[in-house]
Structure formats: C-alpha cells, structure tokens
Amino acid sequence: MIAANNVTYRVGKKALFEDVNIKFTEGNCYGLIGANGAGKSTFLKILDGQLDTTNGTISITPGNRISFLEQDHFKYDEYEVLDTVIMGNPRLYEIMKEKDALYMKEDFTDEDGIRAAELEAEFADMNGWEAEADAENLLNGLGIEPELHHEIMGNLEGPVKVKVLLARALFGNPDILLLDEPTNHLDMSAIEWLEEFLIGFENTVIVVSHDRYFLNKVCTQTADIDFGKIRLYAGNYDFWFESSQLLQKQMKEENRKKEEKIKELQEFISRFSANASKSKQATSRKRALEKIQLDTMVPTSRKYPYIDFRPNREIGNDVLLVEHLSKTIDGEVIFKNLNFIINRTDKVAFVGGNERAKTTLFEILMGNMEPDEGYYKWGITTSRAYFPHDYNAEFDNDLTIADWLTQYSENKDTTYVRGFLGRMLFAGEDGIKRVRVLSGGEKVRCLLSKMMISGANVLIFDEPTNHLDMEAITALNNGMKKFKGVILFTSHDHQIVQTTANRIMEFLPDGTLIDKMGTYDEYLASDIMAKKRQIYVASEDEEMDD
C-alpha cells in the first residue's frame with residue numbers, strides 16, 4: 001500500500017496539488033489521468049520520493065519496495081544489459097557485487113567468511129539464484145535477443161534501451177510499480193507482452209499513459225487529477241469517461257427539474273402569499289422550497305473540443321488512382337512501384353516504422369512534391385484537406401487566429417468563422433492572438449479548425465495527435481469515426497487506428513507496401529512480424545511535468 005496524506009505541492013505560487021488524500025492498494029492497476037499540466041508525472045515523482053511535498057506525507061507499508069520506470073536513457077551506458085535489469089532491485093544487486101568482491105579476495109579471512117554466509121542467506125531469501133534467469137525472461141518477453149543480454153548499454157539503439165529500462169522497472173516483483181509512459185517507443189509485440197504482465201501482476205501499479213487502448217486493457221481503477229485534487233473511480237479509462245459524462249448529464253437533468261420546481265413554487269408564493277384563503281398553501285410551499293437543494297456540479301479543468309468534419313458534397317465512385325509511384329531522396333529509396341486504388345468508403349491507416357515513406361506519399365498526393373516515376377489521379381468529385389507532419393510554415397506570419405482561419409473559409413462572416421474556432425476551444429479574446437506565438441497544441445487545434453471549415457470530402461492526416469491531450473484525442477477520434485468521406489491517415493494512437501480504419505497499408509523498410517482490408521487488430525493478428533514493426537509513440541504533452 002502507498003498513500004498520500006494531505007499532500008500539497010507548490011511550484012512557485014501555484015499549487016499543483018492541494019490537500020490530496022488517496023490510497024493505492026495491492027492487487028490494483030491505477031491509471032493516473034488528467035489534463036495537460038495537471039501534474040501526472042510530478043505526482044509519480046512525489047510518490048517515489050524524487051520530489052519533496054510542500055506539505056503532507058507519503059506513507060508506504062513497511063518493507064515495501066518501490067520501482068520507478070527510469071527516464072534517463074544514458075544513465076546505465078557503462079553497464080551490461082543484464083546488470084542494468086538486476087539493478088532494478090538495488091539491494092539484490094549490492095549483495096551480488098559484495099559477494100563477488102569477497103570471493104575474489106586473496107586473503108579471505110574468517111570475518112569475510114561470516115559476512116559471506118550472511119550475504120548468501122539474504123541472497124537466497126531474495127530469490128537471488130533465479131535473478132539472472134528472471135532478468136533474461138523479462139528481456140526475452142520484451143523482444144530483446146539473447147545475444148544482446150551481455151552487451152554494454154551504451155552500444156544499444158534507443159528503442160532497445162527503452163525496453164531494458166522497462167525490464168529493470170519490472171524486475172524482482174516490486175511491491176509498488178510506478179510507470180510513466182511505459183509503452184512509449186515500444187513495438188506492439190512488446191506492448192502486448194507488457195499488457196499480459198501487468199494483468200497478471202499481483203502488487204500495486206500506478207501508470208501514466210496517453211495510450212487509451214493500453215489503459216483500457218490493464219487498469220482496474222482510474223485516478224483522475226483535476227483542480228489539484230485526485231478522485232478514484234472503479235474501472236478502466238473508457239468506464240471512467242462514460243461514467244463521468246453520465247454523472248454530469250444526470251446532475252444537470254436533476255438540477256433542471258429542481259429549477260423548474262423552484263420556479264413553480266416561487267410563482268405560487270408570489271401570487272398567493274397575500275391571499276388569506278391561500279396563506280396556508282403558500283406557507284407549505286415556502287417550506288418545500290427551502291428543502292430543495294441543487295446538486296453541486298463538480299468543476300473540471302478538462303475542456304472537450306467539438307470536432308465534426310462535414311463534406312460540402314458527396315464523394316463519387318472514383319476517388320484516387322495510384323500507379324507505379326516511386327520516390328528516392330538523397331540516394332535513399334523511400335518507396336517504389338506503389339499501385340493502389342482508393343474507394344469511396346475507404347478509411348486507410350498507413351502504418352509501420354517507415355515514417356518517411358508515409359509523409360512523402362502524402363506530400364506527393366497533395367501536390368507538394370513530385371514523384372520520380374509513376375502517377376496519381378484524384379477523382380473529379382474529390383476535395384481535400386491536409387494535416388501535414390511539419391506545419392510550422394503555416395504559422396510563420398503575423399495574422400491573428402481569426403484572420404488566419406478566415407482566409408481558408410468561403411464564408412468570410414466573422415461570426416461563422418469564430419464558430420469553428422469556438423468548437424476548438426478558442427474563446428472570443430483568443431481570436432486576436434497572433435498565430436506565430438501559439439503553442440504546439442494550439443496550432444494543432446487551428447489546423448483541425450481549418451480542415452472542418454474546408455468542407456472537404458477527403459481528409460489526409462499525418463500524425464494529428466502530437467501535442468493533443470486525451471480530451472482532444474478523444475474528440476478527434478469521434479470526428480474521424482463519424483466522417484462520411486474518405487480518410488488517409490497515419491497515427492501512433494492504437495485506438496484511433498483500430499476504431500477508424502477499415503483498410504491497412506503498411507510501408508516496409510524497403511519501401512514496398514502491404515495492403516489489407518480489415519481493422520488494425522485483424523491485421524496484427526494475421527501477421528506476427530507486423531507487431532514488431534509497429535511502434536507506439538506518445539503524444540507530445542506541453543505541460544511542465546509530463
């Protein structure tokens with residue numbers, strides 16, 4: 001068990017947490033969620049003791065060991081992979097090293113023998129004889145080949161280091177496991193293994209993740225950070241979302257009924273309080289009025305944009321023809337001999353680790369780049385809106401947000417344009433902000449406003465979830481699912497790909513293309529190697545702590 005007792009944490013004058021009281025118990029996996037800036041990663045560091053509270057305490061069951069997913073990918077560069085994993089249990093690693101040093105001594109004394117016996121006993125109690133095998137099993141499960149187990153960490157590629165650090169956090173059956181974005185830069189095969197590991201893990205897990213699919217698979221409880229407080233909900237992320245939305249709706253409806261009753265009673269009292277024959281009835285209604293209490297609506301710092309892409313015209317049967325398309329850049333074959341036809345009901349997810357191929361294809365299809373060979377042809381009924389991977393040039397000007405969006409709208413009416421900005425959480429005064437100074441998240445919301453106002457019937461998205469919080473990602477997911485046109489997109493968000501796409505195209509490292517009808521999960525199930533080629537990358541938060 002680990003608990004926060006009246007915990008307050010301040011950064012300057014700002015209280016990130018205020019009098020937080022929460023207990024995390026054995027056998028549960030808690031998804032720690034909250035809006036950007038809420039303090040998710042900061043709270044994990046407070047629990048781990050990396051940060052001191054301003055007020056309050058963290059209490060842990062005596063003897064319990066905390067394991068924290070290390071974020072510094074260079075910290076263990078001098079160590080072997082296996083040693084790095086075993087170091088996840090610091091005491092066990094210390095015993096191993098002290099034992100080795102004792103047995104290496106040439107002048108081994110009686111005192112050394114006594115000390116060695118003590119260490120051997122503690123080593124056996126900690127399951128030390130299985131430590132190396134346990135570490136190897138974790139590494140194998142995460143897809144790290146046995147020939148790398150004795151490699152020096154500094155010689156490994158970044159994605160492999162990430163897996164080793166995760167194995168280090170999981171090693172030795174910790175009592176309390178704190179994981180900050182554990183799926184980031186993992187392939188789908190490793191994520192699937194981690195999901196099964198956590199589902200079977202019997203101790204306490206607290207995890208921060210932007211991967212809604214992952215949270216839904218592993219979490220038994222959801223801890224929601226909002227306005228400096230943390231509230232516990234039973235169930236996974238989707239259950240929290242649905243139940244919290246339902247609760248708000250029910251409270252609003254109940255308050256509406258109460259307000260109608262209050263109005264009715266007030267009108268009766270006003271009309272008949274001076275009437276002697278009705279005075280008793282008026283008095284009884286006053287008592288009834290005094291008893292009515294409106295439910296307090298729990299405020300939330302979350303803001304949900306409304307994303308709704310509506311085509312101005314229905315799309316025809318001929319959408320897109322691609323034949324023999326090839327592109328090489330600086331001697332590197334990006335893709336070669338692409339051939340496919342996009343149909344009017346297609347929502348195509350381009351997946352795989354070959355990021356450059358996806359972006360290059362989209363740039364060519366939008367007319368921003370020329371292919372080396374082959375050609376493509378859009379149907380005459382199509383109109384396109386594009387979310388590029390690099391959109392900084394769009395905002396390299398001194399226009400206000402309202403003026404920037406107006407230039408892309410056929411209807412130049414200010415109220416009409418500001419309506420689209422309002423859907424994306426730009427309040428009235430925000431319209432006069434200069435686009436040059438917008439944050440990454442604000443720029444993304446501007447681009448989505450531009451795509452909505454275009455009325456296009458073909459949408460092309462190149463990683464649209466970067467810089468978005470969970471609320472905006474959920475809104476975008478809903479907008480993509482409802483869209484009545486064609487979508488070509490790439491995204492690292494498993495849930496967006498799974499719930500939106502009805503066709504999967506994967507670019508292989510050599511630039512060739514696999515084209516399959518069906519959902520993402522069906523595609524992954526049909527090809528074991530495909531899971532190793534899909535890498536999850538978390539959205540880039542713009543908050544001080546995440």
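Is glutamate 192 buried or partly exposed, and what is its relative accessible area? In this predicted model, glutamate 192 turns out to be partly exposed, with a relative accessible area of 38%. Its side chain meets that of lysine 531 in a salt bridge, with 3.0 Å from N to O. The two partners belong to distant parts of the chain: lysine 531 sits in helix H18 (residues 528-533) and glutamate 192 in helix H7 (residues 188-200), 339 residues apart. Lysine 531 counts as buried because its relative accessibility is 17%, and buried means under 20%.

This pair brings us to the salt bridges of the structure, which number 27. Another one joins aspartate 77 to lysine 161, where the closest N and O atoms are 2.9 Å apart. Here, too, distant parts of the chain are linked: aspartate 77 lies in the loop between strand E5 (66-68) and helix H2 (81-86), while lysine 161 is found in helix H6 (residues 158-170), 84 residues apart. Lysine 161 is buried, at 6% relative accessibility, whereas aspartate 77, at 21%, is partly exposed.

A further salt bridge connects glutamate 122 with arginine 91, and its closest N and O atoms are 2.9 Å apart. Glutamate 122 is part of helix H4 (residues 110-125) and arginine 91 of helix H3 (residues 90-103), so the bridge ties together parts that are 31 residues apart in sequence. Glutamate 122 is partly exposed, with a relative accessible area of 28%, and arginine 91 also counts as partly exposed, at 28% relative accessibility.

Notes
Residues numbered from 1 in each chain as written. Predicted model: local features only at pLDDT ≥ 70, side-chain atom pairs only at ≥ 80, totals over all residues. Heavy atoms only, no water. Salt bridge = Lys/Arg side-chain N within 4 Å of Asp/Glu carboxyl O. Helix = DSSP H or I, 4+ residues; strand = E, 2+ residues; numbered from the N terminus. Buried < 20%, exposed > 50% of the residue type's maximum accessible area, 1.4 Å probe, protein only.
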